[in-house]
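Please read this report with the sequence and the model side by side, and look up each residue as it is named. The headings below mark the topics.

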Amino acid sequence: MRLTDIAARAGVSTATVSRVLNGRPGVGEETRAAVMAAVEELGYTRAEAGRPRHRPTGLIGLIVGEMSNPIFPAFAQGIEHAAAGAGYTQLLCTGSPGGISEQDYLDMLQRHQVDGIVIVSGQHSDTEADLSRYRQLDDLNIPLVVINGTQEEIQAPALSTDEHAAMDLAVRHLAAQGHRRIGLATGPTQFVPTLRKIEGFQTAAARHLPEDPEGGELANSLFTLEGGVAAGTDLIQRGCTAVVCGSDVMALGVIRAARSAGLDVPRDLSVVGFDDSSMVAFTDPPLTTLRQPVDALCRSAMATLLRQIQNQSAERPASAELLFEPELVVRGSTAAAPAELAEPAS
């Protein structure tokens, strides 16, 4: 059941619907009756819709992105372990193109009366998304924690990998190897993590490659293997000898693009991934990557959610966000710049 559907049927705002469903004061009897009539017309009983905040169920909802990207199963497993350790059962909701929307998942989790919700890389990180559903969760007093990206109007604790620190680690590593033309292959710019990667990359390039006033080369594509191929092909054609990627999956696409161009990785092109997802230590070559601190993020997310559930912490300001330090894991996909192109590090 969506608050927007009830609000449209009753001719009131979603905030008014929220106040009625939670038994809050400040709503006239005629308006309250109209909301409850709309609820019944949409197939819910007066008792179901009008009851106050439910008793604890021991259920935690988790919404993550496509499971085809191995970083999301890692987050799902991390939240599951943290939840189980606290005595909670996780209800896992996974995204896919053309599949169930995040809004529908949120409606379903609300119907299951979960005690709290964690969202990883969801609509909260999309600057073009409608964020009204997050405001409704706040109105309904449903505890929420978001991971990897947030926006000012989202009234929920946020935890993210420090993208600026990650880009500095990668560019510094490549510059020390003699690379002077470094590219960034990352996703669409509507996403907060992408924007932060770009900002961090440009700052790091200006710091570690002072002879390049443009701050390195940038190619935006999709966070997919095919997106990595497209972005990698573009950056190779622009003369990059090293590429930092927005995800490990993209990095594998860049390596494929290099081989299609007759280049060897890392002799001709160095590649850095992002995530340190499962199996990248066993690719050919083993992938140098920026490790997200998944375990720490998951433990902290669950601890933060529990404090909300137990009403043991004060309300956070909308801008509150905890940043977690990434780690550069050096493997076989990075090496010294090609001898004929490398310049002495200054």
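Helices (H or I, at least four residues) and strands (E, at least two) are DSSP runs, and they are numbered from the N terminus.

## How to read the model

This is a predicted model, in which local features need pLDDT of at least 70 and side-chain atom pairs count only at pLDDT 80 or more, while totals for chains, interfaces and linings use all residues. Residues are numbered from 1 along each chain as its sequence is written, and side-chain values use heavy atoms, with hydrogens and water left out.

Strands of a sheet pair through backbone hydrogen bonds, either parallel or antiparallel. Here, two strands are said to pair if DSSP finds at least two bridges between them. Six strands form an open sheet with parallel pairing, and their order is 2-1-3-4-5-11. At its edges lie strand 2 (89-94) and strand 11 (321-324), each of which pairs on one side only. From one strand to the next, the twist averages 20 degrees; for such angles, axes are lines fitted to C-alpha atoms (for helices over the stretch in contact), and the angles run from 0 to 180 degrees between N-to-C directions.

Within this sheet, strand 3 (residues 116-120) pairs in the parallel sense with strand 4 (residues 144-147) over four bridges, and Val 118 has Val 145 of strand 4 as its bridge partner. Strand 4 in turn pairs with strand 5, again in the parallel sense, over two bridges, where Ile 147 stands opposite Leu 159 of strand 5. Strand 5 also pairs with strand 11 in the parallel sense, over four bridges, and there Ser 160 stands opposite Leu 323. Which residues of strand 5 cover its two faces? Ala 158 and Ser 160 lie on one side and Leu 159 and Thr 161 on the other, and all of them are buried, where buried means under 20% relative accessible area, exposed means over 50%, and partly exposed is in between (1.4 Å probe, protein chains only).

## Strand 8 and its neighbours

Strand 8 (residues 242-245) is likewise covered on both faces, with Ala 242 and Val 244 buried on one side and Val 243 and Cys 245 buried on the other. Strand 6 (residues 182-186) runs parallel to strand 8 and is joined to it by four bridges, in which Ile 182 has Ala 242 as its bridge partner. Strand 8 also pairs in the parallel sense with strand 9 (residues 270-275), over three bridges, and Val 244 has Val 272 of strand 9 as its bridge partner.

Strand 8, helix 11 (residues 248-260) and strand 9 together make a right-handed β-α-β unit. A crossover is right-handed if, with the strands pointing away from the viewer, the path from the first strand over the helix to the second runs clockwise.

Most residues other than glycine have a negative phi, and most peptide bonds are trans. Asn 148, in the loop between strand 4 and strand 5 (158-161), has a positive phi of about 65 degrees although it is not a glycine, and at 5% relative accessibility Asn 148 counts as buried. Asp 276, in the loop between strand 9 and strand 10, has a positive phi near 60 degrees, and Asp 276 is buried with a relative accessible area of 18%. Just after helix 7 (residues 132-139), Asn 141 takes a positive phi of about 60 degrees.

Where are the cis peptide bonds placed? One joins Val 265 and Pro 266, with omega about 15 degrees, and Pro 266 is found in the loop between helix 11 and strand 9. Another runs from Asp 284 to Pro 285, with omega near -5 degrees, and Pro 285 lies in the loop between strand 9 and strand 10 (288-291).

Ala 336 is found in the segment after strand 12 (327-329) and is partly exposed, with a relative accessible area of 45%. Not counting residues up to four places away in sequence, Ala 336 touches Gln 177, His 179, Pro 266 and Arg 267, where contact means heavy atoms within 4.5 Å.

Lys 197 lies over the face of Phe 274, at 4.1 Å from the ring centre; a charge sits over a ring if NZ of Lys or CZ of Arg is within 6 Å of the ring centre and within 35 degrees of the ring normal.
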